[in-house]
Amino acid sequence: MSFNEPLQEILLQTEDLEWVEKSLDGLSHKMLWRDPVTEASIALVRFEKGSGIPSKHKHASNQFMFCLSGRYVYLPTGTTLTKGSFYWNPKGVVHGPTRAEETSVLLEVYDGPHYPERPDFYDNDEDAR
């Protein structure tokens, strides 16, 4: 396909994709789409029961999450995502830590890059993308 041709439809069967482990224990993802220019992305993320984000952090873009299954809690506020919950965290808002009270699968969308700088809970730059 050349750059002059129109875009093609793309269909992914998410069940056929492997979960990719991140350096944060208990977190894995299936990347569905990423824009190489803006770094916007859409992914399925899975937090195993008892895992979560261990510290406060903020994002460099808006974060949107739709809970497909589980129970995922923002500890300081008690905000709890359960099946069917939609969560929006505006760019720059400090939030967390979090914990999955049940294994939780979330559809996560960023409209730009994830972090202004790599958080200390990841041990490599790729996991912070």
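**Notebook: salt bridges**

I began with Arg-99, which is partly exposed at 34% relative accessibility. A reminder to myself: this is a predicted model.

Next I looked for a charged partner. Side chains of opposite charge can pair when their charged atoms come close. Arg-99 does have such a partner, as it makes a salt bridge with Glu-101, with 3.7 Å between the closest N and O atoms.

Which other residue forms a salt bridge with Glu-101? I found Arg-71 there, its closest N and O atoms with Glu-101 being 2.7 Å apart. I then checked where the two sit: Arg-71 belongs to strand 4 (residues 63–74) and Glu-101 to strand 7 (residues 98–110), so this pair ties together parts that are 30 residues apart in sequence.

I put the pieces together and got a network of salt bridges that links Arg-71, Arg-99 and Glu-101.

I moved on to Arg-129 and its partner. The side chain of Arg-129 meets that of Glu-126 in a salt bridge, at 3.4 Å from N to O. For accessibility I noted 30% for Arg-129, partly exposed, and 49% for Glu-126, which also counts as partly exposed.

Last entry: how many salt bridges does a search of the whole structure find? The answer I wrote down is five, and among them are Arg-71 with Glu-101, Arg-99 with Glu-101 and Arg-129 with Glu-126.

Notes
Residues numbered from 1 in each chain as written. Predicted model: local features only at pLDDT ≥ 70, side-chain atom pairs only at ≥ 80, totals over all residues. Heavy atoms only, no water. Salt bridge = Lys/Arg side-chain N within 4 Å of Asp/Glu carboxyl O. Helix = DSSP H or I, 4+ residues; strand = E, 2+ residues; numbered from the N terminus. Buried < 20%, exposed > 50% of the residue type's maximum accessible area, 1.4 Å probe, protein only.
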